[in-house]
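Visitor: I'm new to this one. Can you walk me through it?
Guide: Gladly. Take a look first.

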Amino acid sequence: MPRWLITGASGQLGARVLHALLARKHADLLALVGTREPPPGAAIARIPLDDVEALRRTVRDFAPDFVIHTAAMTAVSEAFARPDDARRQNTLATRILAESAAECGARFLFTSTDMVFDGANAPYTEDAAPTPLSVYGRTKADAERAIADLPHTLTVRIPLLFGLPATPRPSTFANQLAALRENREQTLFTDEFRTPMWNRDAAEALIRLAESDVAGVLHLCGPQRLSRMEMIVAVARAMGIASPAIRPISRLDVAGPEPRPADLSLRAERFGRLFPDFSPTPVSDPRTWS
Ligand SMILES: NC(=O)c1ccc[n+]([C@@H]2O[C@H](COP(=O)([O-])OP(=O)(O)OC[C@H]3O[C@@H](n4cnc5c(N)ncnc54)[C@H](OP(=O)(O)O)[C@@H]3O)[C@@H](O)[C@H]2O)c1
């Protein structure tokens, strides 16, 4: 049976990847997590991303065929507040895991982010040079560079994800759905654009890519370019809520320590050429929120 190691298997994306692999029933699975639980059914290893030796040992002992690395310090504000930890967890851990995977001859997928770009020149193709505005974006762009020389490695830049989590854990999208259902007012940016993707589509795309031999950098994206407000209005309409309690705001109205990129839309023609049958799901599809 093929051996899959999923890091961040308790996170929004990693849990979806693990869930999809569990459904296959013919994979030997190891779920690396921090403090939370992954979906049940796989062996679990709780390893802090800063524990370099434990990361190396775990990969060596499990000897995976495939590694999908989704674990990271993902909160932009946390990375800004603790840049050294962010560098260790997002950049150094990625290099260590990729090196260890290469020693086993394993395929390694690293989930990077649209936030490696500054938002001024969207839509971005894989050829665009990273220009991150945040500590978070820099640690991910540095990780991309740090693994670029290793064999069997692919960096997949992920856009903003939507959809319900596979495990009971907090998520921005789930909070937004709850606010819609309870008619609670939420403030949403009208001028921050992304190409959001359903977390299940992203998980399926990652598994297909892991089983391919594509190398380098590749973008994923959803079917539409939407502002954060447009995204939630589309969900509200699909839910039959004609006048959702939304207060539109500009990203320029929110003072933060780091600038918010205006438009991080990605183009994913490379993925589309590889998998022409893959049709990403729009946010209005009821499966994404029910
Ligand atoms: N969600 C998005 O919209 C989005 C957009 C672009 C790119 N991405 C990228 O996609 C990947 C997955 O994102 P996500 O939204 O699924 O993230 P998430 O929900 O925040 O989950 C992060 C995962 O990493 C683990 N983790 C975090 N810090 C750790 C530490 N110090 N030691 C061990 N494990 C640690 C967490 O474990 P515990 O929860 O068990 O502690 C969790 O399993 C990330 O690489 C992110 O950069 C996500």
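Guide: Start with a helix pair: α1 and helix α7 (residues 199–210) pack at an angle of about 65°, with their axes 8 Å apart. Axes are lines fitted to C-alpha atoms, for helices over the stretch in contact, and angles run from 0 to 180 degrees between N-to-C directions. Helices (H or I, at least four residues) and strands (E, at least two) are DSSP runs, numbered from the N terminus. This is a predicted model: local features need pLDDT of at least 70, side-chain atom pairs count only at pLDDT 80 or more, and totals for chains, interfaces and linings use all residues. Residues are numbered from 1 along each chain as its sequence is written.

Visitor: Which residues in α1 and α7 meet?
Guide: Q12, L13, R16, V17, A20 and L21 in α1 meet N199, R200, A202, A203, E204, L206 and I207 in α7. Contact means C-beta atoms, placed from the backbone, within 7 Å.

Visitor: And what is that contact of α1 with α7 made of, by class?
Guide: Eight nonpolar, two polar and three charged residues. Ala, Val, Leu, Ile, Met, Phe, Trp, Tyr, Cys and Pro count as nonpolar, Asp, Glu, Lys and Arg as charged, and the others, Gly among them, as polar.

Visitor: Why is α7 called largely enclosed?
Guide: Nine of its twelve residues are buried, so the rest of the structure largely encloses α7. Among them are N199, D201 and L209. Buried means 20 or more other C-beta atoms within 10 Å of a residue's own, exposed 12 or fewer, partly exposed in between, with C-beta atoms placed from the backbone.

Visitor: What about the backbone? Where is the cis peptide bond?
Guide: It joins A122 and P123, with omega about 0°. P123 lies in the loop between β5 and α5 (135–147).

Visitor: What is phi of K25 near?
Guide: Phi of K25 is near 65°, a positive value in a residue other than glycine. K25 sits in the loop between α1 and β2 (28–33).

Visitor: Is K25 buried or exposed?
Guide: Exposed, with 8 other C-beta atoms within 10 Å of K25.

Key: Two residues are in contact if their C-beta atoms, placed from the backbone, lie within 7 Å.
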